[in-house]
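Please look over the model shown here.

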Amino acid sequence: MAFGRSSRKPAPVEPVTLKILVAGGFGVGKTTLVGAVSEIRPLRTEETLSEAGRPVDDLHGVENKSTTTVAMDFGRITLREDLVLYLFGTPGQDRFWFLWDELAQGALGAVVLADTRRLEDSFAAIDYFERRGIPFTVAVNCFEGAQRFPAESVRGALDLDPEVELVMCDARDRESVKNVLVAVVEHALVLADREREPART
């Protein structure tokens with residue numbers, strides 16, 4: 001009996017979609033990161049910084065910054081045929097933090113983007129995700145001209161728990177950002193599997 005090849009194409013794979021937050025201090029590179037990796041034109045809610053906002057917004061270390069995200073950044077990337085990430089960049093200024101709870105709904109995990117020149121700006125995001133039990137990875141954005149420090153030194157300065165991964169990245173570079181996102185997803189899935197394991201007696 002002869003068996004011919006089937007001419008039918010396999011059914012298309014319905015991708016799993018996951019929500020990832022991109023958080024961090026004001027001017028740390030969140031909008032740049034989302035834009036560097038998004039396969040669609042990213043949604044941005046940037047507005048020009050005004051004189052009225054100067055007493056409220058801390059521009060220390062980012063004096064040349066002229067715009068700010070007032071709601072969120074949004075982008076999408078297909079990591080594999082069956083895995084799509086929706087990226088939501090959070091606003092970095094204190095006065096917009098009330099939006100974080102809304103953006104965090106349903107998130108698998110988060111990237112906390114850090115700048116070694118202003119590490120203290122990362123503490124609020126780290127505390128936020130720790131308190132809510134949202135898995136996160138810290139990505140140090142290696143700005144040109146910024147002093148480089150060993151990962152363990154940065155980890156110690158941020159007082160990170162041992163299971164929190166810390167990676168170096170360039171928020172302008174697509175492949176570098178993809179590596180960060182893969183690390184976040186893998187970390188979050190490992191923690192989810194651990195929680196599903198039955199308690200050992």
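## Arginine 117 and its partner

Arginine 117 is partly exposed, at 45% relative accessibility; here buried means under 20% relative accessible area, exposed over 50%, and partly exposed in between (1.4 Å probe, protein chains only). Arginine 117 makes a salt bridge with aspartate 115, with the closest N and O atoms 3.0 Å apart. A salt bridge is a side-chain nitrogen of Lys or Arg within 4 Å of a carboxyl oxygen of Asp or Glu. Aspartate 115 is buried, with a relative accessible area of 1%.

The model is predicted: local features need pLDDT of at least 70, side-chain atom pairs count only at pLDDT 80 or more, and totals for chains, interfaces and linings use all residues. Residues are numbered from 1 along each chain as its sequence is written, and side-chain values use heavy atoms, leaving out hydrogens and water.

## Other salt bridges

The whole structure holds ten salt bridges. In one of them, glutamate 152 pairs with arginine 155, the closest N and O atoms being 3.8 Å apart. Both residues lie in helix α4 (residues 151–158), three residues apart, about one turn of the helix; helices are DSSP runs (H or I, at least four residues), as are strands (E, at least two), numbered from the N terminus. Glutamate 152 is exposed at 57% relative accessibility, while arginine 155 is buried at 16%.

Salt bridges with shared partners join Asp115, Arg117, Arg118 and Asp121 into one network.

## Leucine 108

Leucine 108 sits in the loop between α2 (100–104) and β5 (109–114). Leaving aside neighbours within four places in sequence, its contacts (heavy atoms within 4.5 Å) include Leu18, Pro135 and Val185.
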